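Please look at the sequence and the 3D structure below. A short report on them comes next.

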Amino acid sequence: MDRRAFLRAVGPTTAVGLAGCIGGRSANTDYDVGMGAKVFRPQELRVEPGTTVTWLNTSKQGHTVTAYEDTLPEGADFFASGGFESEQAARDAWGNSSDGTLFEGQSFEHTFEVRGEYPYFCIPHERGGMVGTVVVTDDPETTEE
Ligand SMILES: [Cu+2]
């Protein structure tokens with residue numbers, strides 16, 4: 001068998017195998033920040049302005065994604081799972097009825113337009129250190145500011 005005939009023979013099989021593999025992976029990795037038992041992974045995410053970030057609860061516990069309102073960049077929108085208008089509203093709603101909780105497999109999205117650092121936390125696990133940061137920068141590949 002010459003090389004071309006060999007490629008024809010194995011080509012389609014290889015392509016199908018790869019496509020299946022990629023498809024399977026994207027189903028599980030179609031998010032930017034995962035939520036573990038008491039942790040956001042990665043803890044710091046760097047993105048360009050205009051990026052929509054997706055959080056996915058990859059654990060069995062319920063979590064929230066709630067911005068620290070006082071430390072948002074100037075002009076930036078507040079964000080919180082449950083769609084609350086303020087950090088206090090999110091805290092109150094969670095305290096009253098666990099509103100805003102993301103259960104296993106549920107996701108939350110927010111689009112970041114304004115450059116700067118966005119610290120956020122999980123209401124039930126804040127004291128356990130479940131906090132994270134989204135950094136919106138023109139140069140997300142660099143970790144130097
Ligand atoms: Cu949590």
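The report covers the model, its aromatic pairs, a strand and a metal site.

## Model and conventions

This is a predicted model in which local features need pLDDT of at least 70 and side-chain atom pairs count only at pLDDT 80 or more, while totals for chains, interfaces and linings use all residues. Residues are numbered from 1 along each chain as its sequence is written, and side-chain values use heavy atoms, with hydrogens and water left out.

## Aromatic pairs

A pair of aromatic rings is described by the distance of the centres and the angle of the planes. Rings of Phe, Tyr and Trp (its six-membered ring) pair if their centres lie within 6.5 Å; planes under 30 degrees apart count as stacked, over 60 as edge-to-face and the rest as tilted. The count by this rule is ten aromatic pairs. The ring centres of W55 and F112 are 6.2 Å apart with the planes at 55°, so this pair is tilted. W55 belongs to strand β4 (residues 51–57) and F112 to strand β6 (residues 107–112), so the pair ties together parts 57 residues apart in sequence. Strands (E, at least two residues) are DSSP runs, numbered from the N terminus.

W55 is buried at a relative accessible area of 0%, and F112 is buried at 0% as well. F112 also pairs edge-to-face with Y118, at 4.8 Å centre to centre and 85° between the planes. Y118 is buried at 2% relative accessibility. Buried means under 20% relative accessible area, with a 1.4 Å probe and protein chains only. Ring pairs link F40, W55, F79, F108, F112, Y118 and Y120 into a cluster.

## Strand β4

Five of the seven residues of β4 are buried, so this strand is largely enclosed by the rest of the structure. Two strands pair if DSSP finds at least two bridges between them. Strand β1 (residues 33–35) pairs with β4 in the parallel sense over three bridges, and G34 stands opposite L56 in β4. β4 and β6 run antiparallel and are joined by six bridges; here L56 stands opposite S107 in β6.

## Copper site

H63 (ND1), C122 (SG), H125 (ND1) and M130 (SD) coordinate the copper ion at 1.9 to 2.5 Å. Donors are N, O and S atoms within 2.8 Å of the metal (3.2 Å for Na, K and Ca); water is not among the atoms, so sites may look incomplete. Along the chain the donors have the spacing H-x58-C-x2-H-x4-M. Both C122 and M130 are buried.

The four donor atoms subtend angles of 94 to 127° around the copper ion, which makes the arrangement tetrahedral. Four donors count as tetrahedral if all angles lie between 85 and 135 degrees.

Notes
Helices (H or I, at least four residues) and strands (E, at least two) are DSSP runs, numbered from the N terminus. Buried means under 20% relative accessible area, exposed over 50%, partly exposed in between (1.4 Å probe, protein chains only). Four donors count as tetrahedral if all angles lie between 85 and 135 degrees; four count as square planar and six as octahedral if opposite donors are over 155 degrees apart and all others between 65 and 115; anything else is irregular.
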